Each structure stands twice: as C-alpha cells, then as structure tokens.
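User: I am new to this structure and would be grateful for a close look at a single part of it, the sheet and what surrounds it. Please give one connected account.

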Amino acid sequence: MRAEFGVPIGVTVLMAMGLAMVATGLATVTGGTSEGGCKNQVNITNTAIYDDRSPQSIRAVLTAQQAAWNRGDIPAFLEGYWNSPELTFAGSDGIARGYDGVLGRYRKSYPDRKAMGELKFSGLEIRPLGPEAALVLGHWHLQRQSDEVAGVFTLVFERFPIGWRIIHDHTSAQKQTP
C-alpha cells in the first residue's frame, strides 16, 4: 500500500514517528550517510529519555541549588523553582505564593551570606508520581558561624520543557538537641 505521494505507508508512519520523537526531544537528527545511503538519520537516544525522567535529573537540580546557596546566590538557587505566580512555599512563616513571593521570602529570611550559612541536603527520597511529576522528601542542614539549623522538606517537582522544577515546597525546621 502507498500513501498519497507514492511512499509506502510503513515508511510514512516511521517518518511521522521519527518527526514526533525529534519534536519532543526523544530523538536527534544527525548528518551523514548510513550504510544504505540514507542521509540525515533519526537517532533514538535512550539516554535522553532516561536522563530527563530519572531521579538523577531531579538530584541534579538539588545539587545545583545547594551549590548556588553555598555561593550566596539566591536568584541562582531559585532557578530550581517554577517561575510562576502559581508556585507555592509553605513554612513556619506561613504560605508564600508565586515566584516573586518566594524570592521575597528568601531575601527577607537570608539577607546576607552570613545568614545563609552552608547548606547540605541529605536523605533524599524521590518518588515518581508519573512521567511528569515527582515527590521528594529530604533533610536540610544549615551550618552558620553563630549556630546551626536543620529540618525536613517535601518538594513537588513537575517536568517542563526546560527541565524539572519545584512547583511546591513545604519546609519545616526541627528543634536541635544540645
């Protein structure tokens, strides 16, 4: 059987699938010639699927956030969050809504590098909620010159075309025992 332009239907279906995979980032188009003389092959890259939807991708966001925090760079730390008025952050001071609200909350709570201290995340548990969302539980610890504080957090991540972003953060401090 042939499609409208004389191309076998099977080839048409494969071409459509290949274009859809390129459009969604699950495949790449590379130049060159295959053994059969076909130019511009579609190469399916399983690592793109694995890397983009894996816990390692979410861990990479948290690692980048930790590094940004430890440089004293709150705007870079917030790159891990969804830049949207729908972002939510719940903590001991109540609920902050929207990216600007969360940014304001961090700037108020941590006005300088000394207040920020050295951040460490630990005990991360990443639970996929489907291909486009994940729940992350973990511990945070801030070591400052004058004191140390620690607590737990629950993050809801959503997968966007630009990568995984936190859409909700619930962070609580824990009482320190001497």
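Analyst: In this predicted model, F89 stands opposite D169 in β8. That pairing belongs to the contact between strand β3 (residues 88-91) and strand β8 (residues 163-174), which run parallel and are joined by three bridges. D169 is also the residue of β8 that L155 stands opposite.

β7 (148-160) and β8 run antiparallel and are joined by eleven bridges. These two strands form a hairpin, with two residues between them.

Strand β5 (residues 118-130) pairs with β6 in the antiparallel sense, over ten bridges. One of the pairs here is G130 with A133, its bridge partner in β6.

Taken as a whole, six strands form an open sheet of mixed pairing, in the order β4-β3-β8-β7-β6-β5. Its edge strands are β4 (94-97) and β5, each of which pairs on one side only. From one strand to the next, the twist averages 20 degrees. Helix α3 (residues 55-70) packs on this sheet, where it touches β5, β6, β7 and β8. The direction of α3 makes about 155 degrees with that of β5. As a general point, strands of a sheet pair through backbone hydrogen bonds, either parallel or antiparallel.

Helix α5 (residues 98-109) lies across β3, β4 and β8, and runs at about 125 degrees to β4.

R144 lies in the loop between β6 (133-143) and β7 (148-160). Is R144 buried or exposed? R144 counts as buried because its relative accessibility is 19%, and the cut-off for buried is under 20%. Leaving aside residues up to four places away in sequence, R144 touches Y110, K114, A115, M116, G117 and V149.

Technical notes. Residues numbered from 1 in each chain as written. Predicted model: local features only at pLDDT ≥ 70, side-chain atom pairs only at ≥ 80, totals over all residues. Heavy atoms only, no water. Helix = DSSP H or I, 4+ residues; strand = E, 2+ residues; numbered from the N terminus. Buried < 20%, exposed > 50% of the residue type's maximum accessible area, 1.4 Å probe, protein only. Contact = heavy atoms within 4.5 Å. Pairing = 2+ DSSP bridges. Axes fitted to C-alpha atoms, helices over the stretch in contact; angles between N-to-C directions.
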